[in-house]
Amino acid sequence: MQMSFTRTMSDTRLIFLRYLRQTLRSKVAVVFGALQPLLYLVLFGPLLSDLVQVRGFGAGGAWQVFVPGVLIQLALFGAGFAGFGLIADLRSGVVERLRVTPASRTALLLGRVLRDTVVVALQGVLLVGAGLALGLRAPAGGIAVGLLFVVSLAVSVASLSYVLALRTRTEDAFAPLLSAVTLPLMLLSGILLPMSLAPGWLDVVSRFTPFRYVVDAARAAFLGDYATAAVAEGTLVAVVLLVVSVTLGARCFRRENA
Amino acid sequence: MIDARGLARTFTTGHGTVEAVRGVDLAVAPGEIVGFLGPNGAGKTTTLRMLTTLLAPTAGTAAVAGCDLRGDPAGVRRRIGYVAQGGGTDPAVPAGEELDLQARLYGVPGRGERIAALCARLNLRGLEARPAGSLSGGQRRRLDIALGLVHRPPLLFLDEPTTGLDPQSRGDLWDHIRALREQDGTAVFLTTHYLDEADALCDRLLIIDGGRIVAEGTPAELKRRVAGDVLTLELADASGAEPARRALSPHPAVREATVTGRGVRLTVEDGEKALMSLIRALDGAGVELASLSLSRPTLDDVFRTVTGRSLRDAA
């Protein structure tokens with residue numbers, strides 16, 4: 001047991017480094033990956049400054065509502081696209097080649113997920129930094145909690161994206177399914193505008209989607225309201241999602257003919 | 001190296017169950033090069049995927065490289081090398097990085113030297129920094145083989161190793177595969193569509209069709225056993241064809257004799273030995289011979305005899 005745990009850790013590190021190098025190799029991925037969060041802030045953020053007065057927008061400044069939302073969006077979309085990389089590796093035969101080595105099956109998943117998570121986390125830090133420069137004011141502790149939510153969501157979403165990629169195996173099947181899942185999830189979670197603005201029925205529907213709770217929790221954290229039901233619910237949802245997603249992913253990667 | 005008994009795999013699809021492999025028994029000795037021949041859909045790849053732990057068998061047992069396939073798949077993986085038909089490299093990743101990762105995953109001691117030695121041996125030196133996608137077809141295939149050999153496995157699986165290569169690269173690869181056995185005693189289990197490849201490379205052949213092994217033996221044995229040599233006689237006068245057929249049919253070596261236009265086509269056992277007495281029989285019947293040709297059976301003939309189809313058509 002001890003042996004296999006050590007093995008999984010060292011294999012995870014090897015796989016992580018392989019895919020980190022892959023990301024760094026692509027100049028477009030690096031430049032656009034850094035630019036993307038800034039685009040949200042610069043091209044969408046200003047629209048919100050006058051909305052603060054609208055009833056239901058929530059407490060705090062526009063940036064305190066908007067930045068946590070974009071953070072969660074980063075996790076949802078950045079990590080959600082991870083499956084495309086796996087499909088490319090399925091086609092090139094890399095997945096099969098690695099599966100015939102004694103590498104831990106779990107590591108083949110975790111190494112990839114770790115890379116995706118590091119990329120999302122770095123984008124998140126960049127986003128918060130740019131937000132601060134543009135006028136975001138939030139307690140350091142709240143920002144840290146928000147980033148923890150992002151990391152936990154990135155792990156979950158990347159794992160689920162890999163499960164979906166393994167099931168579908170082609171971009172043609174994966175891409176439409178991915179948008180079919182992520183678009184409603186994004187809209188219903190109140191990422192761009194808080195759900196407190198929503199009419200009753202929409203608010204009810206959004207309570208059935210997990211990201212809603214995480215977004216609300218991250219917003220509360222950015223306001224410095226840590227001991228609230230919102231943070232507790234968000235934490236619970238994030239942890240349950242994490243455990244379920246990673247378990248599902250690991251089981252999928254361990255299956256003999258995956 | 002391999003000892004498989006009753007290996008079977010059934011797939012469940014929307015339309016019911018498909019028996020891809022129906023009870024395969026096979027054995028491969030250390031240092032042996034064994035070819036696995038069969039048309040697409042015969043169960044070749046499914047069998048290979050089972051033996052390399054990529055697919056769980058639905059029935060049967062197998063010991064691969066000394067480890068039980070079901071009980072210790074991780075042990076099997078440590079001791080085998082596998083080169084898939086399409087290879088297994090990311091086109092953007094430099095060859096050297098792929099080799100390094102592979103060596104680390106297998107925990108190869110003296111990684112750098114091992115990789116350098118492999119590159120020297122497989123003519124990959126100087127290509128380590130090049131992305132796999134920029135290599136030629138032959139170079140990429142040699143890189144795939146190097147990846148399969150990094151940990152010095154006693155058993156190497158090659159799935160259609162020369163498909164898509166030009167004739168020179170094919171011959172070159174055959175030499176490398178033979179050298180593996182001669183220098184390291186590596187056993188090689190390869191699938192192929194090419195009969196000349198099976199003929200040139202393999203000590204022993206297994207022919208699979210419809211999920212079962214339908215013939216087995218050395219290339220020479222198989223040819224002798226199922227086909228026989230073909231002797232084509234052309235006569236000076238077409239009217240002699242029928243008398244010639246009647247004169248030759250009773251000969252003990254002749255299995256089959258058919259009239260073809262102005263000649264006779266015979267399937268003969270051990271043609272070279274029977275040749276003289278056949279000509280004498282023809283002479284005795286007063287038939288004048290214009291020309292004759294004796295051809296050894298090809299593996300395609302073997303395949304046709306065993307399965308009733310040509311390998312080329314089936315593929």
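**View 1. Ala103(B) and the residues around it.** Not counting residues up to four places away in sequence, Ala103(B) touches Val108(B), Arg111(B), Arg114(B), Ile115(B) and Val150(B). Touching, or being in contact, here means that two C-beta atoms, placed from the backbone, lie within 7 Å. You'll find Ala103(B) in helix H3 (residues 95-106) of chain B. Helices (H or I, at least four residues) and strands (E, at least two) are DSSP runs, numbered from the N terminus. Ala103(B) is buried, because 20 other C-beta atoms sit within 10 Å. The cut-offs: 20 or more other C-beta atoms within 10 Å of a residue's own makes it buried, 12 or fewer makes it exposed, and anything in between is partly exposed, with C-beta atoms placed from the backbone. Now look across to Glu182(B): Ala103(B) and Glu182(B) are 79 residues apart in sequence and 23 Å apart in space, C-alpha to C-alpha.

A quick word on the model: it is predicted, so local features need pLDDT of at least 70 and side-chain atom pairs count only at pLDDT 80 or more, while totals for chains, interfaces and linings use all residues. Residues are numbered from 1 along each chain as its sequence is written, and chains are lettered from A and ligands numbered from 1 in the order in which they are written.

**View 2. Two loop residues with positive phi.** Thr53(B) has a phi near 70 degrees, a positive value in a residue other than glycine. Its place is the loop between helix H1 (44-51) and strand E4 (59-64) of chain B. Glu160(B) isn't a glycine either, yet its phi is positive too, at about 45 degrees. Glu160(B) lies in the loop between strand E7 (155-159) and helix H6 (167-184) of chain B. Which of the labels, buried or exposed, goes to Thr53(B)? Thr53(B) counts as buried, because it has 23 C-beta neighbours inside 10 Å. Glu160(B), with 19 other C-beta atoms within 10 Å, is partly exposed.

**View 3. Helices H3 and H8 of chain A.** The axes of H3(A) (residues 62-80) and H8(A) (residues 171-188) come within 11 Å and cross at roughly 175 degrees. Axes are lines fitted to C-alpha atoms, for helices over the stretch in contact, with angles from 0 to 180 degrees between N-to-C directions. On the H3(A) side are Gln73(A), Leu76(A), Phe77(A) and Gly80(A), and they meet Leu178(A), Thr182(A), Leu185(A) and Met186(A) of H8(A). This contact has five nonpolar residues, three polar and no charged. Ala, Val, Leu, Ile, Met, Phe, Trp, Tyr, Cys and Pro count as nonpolar, Asp, Glu, Lys and Arg as charged, and the others, Gly among them, as polar.

**View 4. The nonpolar cores.** How many residues does the largest nonpolar core have? It has 140, and those with the most contacts inside it are Ile72(A), Ala75(A), Val214(A), Ala146(B) and Phe189(B). A nonpolar core is a set of buried Ala, Val, Leu, Ile, Met, Phe, Trp, Tyr and Cys residues joined through C-beta atoms within 7 Å. Helix H7 (residues 140-168) of chain A gives the largest share of this core, 15 residues. Apart from it lies another core of 16 residues, including Ala241(B) and Leu266(B).
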